[in-house]
Amino acid sequence: TNIRDKLGMSYSIGSVFTPGLEPGCYIFYSLVSRENIDTVKKAMLSEIKKLRSELVGSKELESAKAELFTAQMVNLQTNSNFGVRIALDELYGLGFDSYRNFKDKMDAVSADKIRNITKTYLDPDKGMTLIIEGTK
């Protein structure tokens, strides 16, 4: 949110994690004007490096947990999303009823765990950058 809130250069910004039986992928995205592409790309990489080296603040962590929990509960309200969730959890070896323990698992996430995970999986040197530009 620093990029959107402080720099004011992004119309939309976020991330998506797609797990898989193999590595899966973590995607960071931002919608920006052409002239801000390089600045926002550098800022995003800087935020990733910060996650790898610094602990997330307790207020930010609790806010993220609350947002994630709410999103998961809303997502499980439709039969199609619920069906996909339990099927994937079973496929990943978590058990079809893993969703029942979601809050406990999420509450166990700490700033230290986040930093260790980001050190392992969010290595900018092993990632790729894709820039899609619209036409004028």
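Let's start with helix H4, residues 79-91: at 1.5 Å a residue, its 13 residues should span 18 Å, and the C-alpha atoms at its ends are 18 Å apart, which agrees. The expected span here is 1.5 Å times one less than the number of residues. Helices are DSSP runs of H or I with at least four residues, strands are E runs of at least two, and both are numbered from the N terminus. After H4 comes Gly93, with a positive phi near 85 degrees.

A word on the model, which is predicted: local features need pLDDT of at least 70, side-chain atom pairs count only at pLDDT 80 or more, and totals for chains, interfaces and linings use all residues. Residues are numbered from 1 along each chain as its sequence is written, and side-chain values use heavy atoms, with hydrogens and water left out.

Now, the inside. The largest nonpolar core has 5 residues, namely Ile3, Ile13, Val40, Ala43 and Met44. Helix H2, residues 37-53, gives the most to this core, with 3 residues. By nonpolar core I mean buried Ala, Val, Leu, Ile, Met, Phe, Trp, Tyr and Cys residues joined through side-chain atoms within 4.5 Å. Buried is under 20% relative accessible area, exposed is over 50%, and partly exposed is in between, using a 1.4 Å probe and protein chains only.

Tyr11, Val16, Ile27, Tyr29 and Leu31 make a nonpolar patch of about 500 Å². Such a patch takes residues with over 30% relative accessible area and no salt bridge, with nonpolar side chains (Val, Leu, Ile, Met, Phe, Trp, Tyr) joined within 5 Å. Which strand gives the largest share of the nonpolar patch? That is E2, with 3 residues. Tyr29 lies in E2, and at 33% relative accessibility Tyr29 counts as partly exposed.

Last, the charges. How many salt bridges does the structure hold? There are 4, where a salt bridge is a side-chain nitrogen of Lys or Arg within 4 Å of a carboxyl oxygen of Asp or Glu. One of them joins Lys65 and Glu62 at 3.8 Å, N to O. Both residues sit in helix H3, residues 58-75, 3 residues apart, about one turn of the helix. Lys65 is buried at 9% relative accessible area, while Glu62 is partly exposed at 47%.

Another salt bridge links Asp107 with Lys103, with the closest N and O atoms 3.2 Å apart. These two are 4 residues apart in helix H5, residues 102-107, so about one helical turn separates them.

How values were computed:
Patch = residues over 30% accessible without salt bridge, like charges linked within 9 Å, V, L, I, M, F, W, Y side chains within 5 Å. Areas by Shrake-Rupley, 256 points an atom, 1.4 Å probe, with all protein chains shown as cover.
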